[in-house]
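Subject: Structure for your review

Dear colleague,

Please find below the structure I am handing over to you. My findings follow directly after it.

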Amino acid sequence: MRSIPAITKNLLIINVLAFFATFAFNRVGVDLENLLGLHFFLASDFKVYQLFTYMFMHANIEHIFFNMFALWMFGCVVENVWGPKRFLFYYISCGVGAGIIQEIAQLGSFYMLANSQFPGVTLSELNVIAHNSADVLNAWTTVGASGAIYAILLAFGMTFPEERIFIFPLPVPIKAKWFICGYVAIELFSALATTNDSVAHFAHLGGMLFGYLMIRHWRNGNDNYNNDPWDSGHHFFNKFRNNKWGNRRDKHDADNFSTGNPDWDYNAKKKKEQDEIDRILDKIRRSGYDSLTEEEKKKMFDNKH
């Protein structure tokens, strides 16, 4: 446990304690899963705080084991690279984002269900139907850290895309980038092709979506990784609202064209930058993130790959 970075360690402890607390409170007639799990927002049991608390609830031992195993395996690496504040901000934000996407998916399911019973139902009439279906809708409860965990998997894959990892039962290691692409494809197929399997596939995809947008925002030069991550989150959502994605790269391409730099010169520069990033990543693997100099940290996170 001493080698596990602080935020990852505390998240592991909190999740495990919350899991065992559900059994302890059940003995005195308190259903923590119902109180802290994320209910459908049209259900009478829905509370806004559940968008945060649901990710610390788990349905069974298998559910929490695999989530915590993935958090330990990939979270340690990502936190060592990003630092504790940024890692915690990313984890919580992606968990909340996953919950929001799950709520939207449930709204779609509820609308289709209502429309099958009352053809032509309008969105304004859904609230009335929801009020009359309280018992059913209160059972639509989402629990688990999976949305945040999938975002951590994505962060690992985008930070170490060429890193080879073993995935049971595959006999050979695969690159992290293909591992992430495979997970996205499986979750998307499962979300569209399966029903009533008790797995929140859209929450998994939602966590990865929020994680991808956040990492792309940081890599586009909108955060120097030295600012307070909670403040940088404010700028992230402002940029998302203003729809300015990709402008930085377009400007770089235009500058490159206007100066008349040949392709080989540009490619040589990019190769030199990538070699330096590879050297820094090797140093992290050998000695940890804290061994980097301030200049190396800046080079690491100014990288646009």
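I begin with Ser291, which is partly exposed, because its relative accessible area of 27% falls between the 20% and 50% limits of that class. Please bear in mind throughout that this is a predicted model.

Ser291 lies in the loop that runs between α13 (263–287) and α14 (294–302). Leaving aside residues up to four places away in sequence, Ser291 touches Lys283 and Glu296. Ile280 is 11 residues from Ser291 in sequence, and the C-alpha to C-alpha distance between Ser291 and Ile280 is 9.9 Å.

The next point concerns the surface. Phe65, Phe66, Phe69, Trp72 and Met73 make a nonpolar surface patch of about 540 Å². Within this group, Phe66 has its place in helix α4 (residues 61–82). Phe66 has a relative accessible area of 55% and therefore counts as exposed, since the class begins over 50%.

Finally, I turn to the cysteines. A disulfide is a covalent bond between the sulfur atoms of two cysteines. How many disulfides does the structure hold? The number is zero. Two cysteines may be described by their accessibility. Cys76 has a relative accessible area of 12% and is therefore buried, as this value is under 20%. Cys181, by contrast, is partly exposed at 46% relative accessibility, because that value lies between the 20% and 50% limits.

With kind regards

Terms used: Residues numbered from 1 in each chain as written. Predicted model: local features only at pLDDT ≥ 70, side-chain atom pairs only at ≥ 80, totals over all residues. Heavy atoms only, no water. Disulfide = S-S within 2.5 Å. Buried < 20%, exposed > 50% of the residue type's maximum accessible area, 1.4 Å probe, protein only. Patch = residues over 30% accessible without salt bridge, like charges linked within 9 Å, V, L, I, M, F, W, Y side chains within 5 Å. Areas by Shrake-Rupley, 256 points an atom, 1.4 Å probe, with all protein chains shown as cover. Salt bridge = Lys/Arg side-chain N within 4 Å of Asp/Glu carboxyl O. Helix = DSSP H or I, 4+ residues; strand = E, 2+ residues; numbered from the N terminus. Contact = heavy atoms within 4.5 Å.
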